[in-house]
Amino acid sequence: MSKNQNKTGSYSFFNCIEKNFDKAARFISIEKGLLEQIKACNSVYRMHFPVKIGKEVKVIEAYRVQHSHHKLPCKGGLRYSMKVNQDEIMTLAALMTYKCAIVDVPFGGAKGGIKIDPQTISSENIEKITRRYTSELIKKNFIGPGIDVPAPDYGTGEKEMSWIFDTFLSLRSGDVDALACVTGKPISQGGVRGRKEATGLGVFYGIRELCHVKEEMYSVGLDVGLVGKKIIIQGLGNVGYHAASFFHESGAIIIALAEREGAIYNKKGLNVSKVFLHLKNNGSILNFPEAKNIENTEKALELECDILIPAALENVIHKNNANRIKAKIIGEAANGPITPEADEILDKKGVIIVPDIYLNAGGVTVSYFEWLKNLSHVRYGRMEKKFRENVNAEFLKVIETVCKKKISIEEKKMILRGPREIDLVRSGLEDTMINGFHKIRDIKKSLKIENMRTAAFVLSINKIIDSYEKLGIFP
Ligand code: NAD
């Protein structure tokens, strides 16, 4: 049994991340103890609390982990799943630290989890559990706009974030910044436009950027650009659905979609919104009229394609299936979908892996925008939209006079428009993902690093070292 495997033979997720960290540390010359400090999880809060469900009292197991306090507040999602355990939440918190550093989001990494299956619990009981969890966090000072700010993750969404905010506000009444205690809220509760689709859109921007680099595409025998690329997506939840929609709209061909119950396949391409409607109406993606069913959902990962996007859970590509993966590019939309052993196999096969610590950072980037919006108490674009429209109108008048030509009403509408919140959020996200990609690629090239994951860790660790140094903690 390798050092990275626990007693049950399955992987310790935290050790997997440590392994990736250590590979990157070879390219960084700094005292070992300081690297150990960056790797370590600063605070782990494991809790049990009782909740009355029906006539029974159930003891709920839950966690909040703050991996790093080098920047505050800490930031990270909250997941609801029966697979939640301390190792998983510690790992996801660590990933958040590295992720935030890569995209220049000034937060330390955190993560929370409650061990429940939200699919088998009523909404009323999920609300009770969420509210109780929040009050436990408040009691121990593990939540707050300047302390630790949760967000949605696997099994949670806007509804849960609203309950967290409402519970926080009722126990901290009068806190003018209370809205910033959690992100991923509905717009009417202080959310920001564009947060829901942010992670999926970030995945799209990251992969699009890669597909525009000739050198990278030629290295795996593909043409430049996204149009016509064959894509498989695992998980049609928040991240997977939005990523699939943006890829579909851009002219890529979604040939397979995989969910828990099975997968569907059509080599000519699936219409993502029609599949989503079918899923909503039938509770399953199977038996979609324009596709073939694949009963064993894991087999969908092994189909011939250009790009594979795992967007469900961790460790889905492992040593037993890595050799059968035919994708030329894997975009890690989920956190930790590839085990270290599989990573090595895929590296040897020449597959380009776009790592989670970069690719799914769109969610935390837009969460950062939401947090800033909540602290500034004003919607993005509110102050400048009309001003910009007036300036544009004057500008157009000058152009029409100088060119002696009338601009059409349609063109005018497009040029005159001042920026709305959604425009600003999306442009901030696009810029962040494009910059992040090129910073990683520059490090990969300059240090002659073999893959994007190690280069991304080098970039991230260097930024964390820099902030510790500026804090005066590392000499
Ligand atoms: P979600 O709960 O909205 O969706 C997950 C989907 O995966 C669900 O539709 C579920 O049915 C499906 N699924 C579960 N098991 C599966 C299996 N064995 N095969 C195929 N599909 C399966 O969760 P999400 O928010 O989309 O998160 C997905 C991944 O992305 C997680 O790893 C999460 O940590 C990561 N992530 C999410 C965000 C975010 O903003 N939501 C941000 C960064 C990373």
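A residue is taken to be near a molecule or strand if one of its heavy atoms lies within 4 Å of it. Of the 22 residues around the ligand, those that come nearest are R79, D153, T199, E259 and N335. The structure is a predicted model, in which local features need pLDDT of at least 70 and side-chain atom pairs count only at pLDDT 80 or more, whereas totals for chains, interfaces and linings use all residues. Residues are numbered from 1 along each chain as its sequence is written, and side-chain values use heavy atoms, with hydrogens and water left out.

The shell around the ligand comprises nine nonpolar, eight polar and five charged residues, where Ala, Val, Leu, Ile, Met, Phe, Trp, Tyr, Cys and Pro count as nonpolar, Asp, Glu, Lys and Arg as charged, and the others, Gly among them, as polar. Because domain 1 (43-189) and domain 2 (221-350) both give residues to this shell, the ligand lies between them; the domain bounds come from an automatic or database domain assignment. An oxygen atom of the ligand lies 2.5 Å from a polar side-chain atom of E259, and an N or O atom in the side chain of R260 is 2.9 Å from an oxygen atom of the ligand.

Twelve aromatic pairs are present in the structure, a pair being rings of Phe, Tyr and Trp (its six-membered ring) with centres within 6.5 Å, counted as stacked if the planes are under 30 degrees apart, edge-to-face if over 60 and tilted for the rest. The rings of Y368 and F369 form a tilted pair, because their centres are 6.1 Å apart and their planes stand at 40°.

Note on methods:
A polar contact is a pair of N or O atoms within 3.5 Å; within protein, one must be able to donate a hydrogen and the other to accept it, and residues adjacent in sequence count only if both atoms are side-chain atoms.
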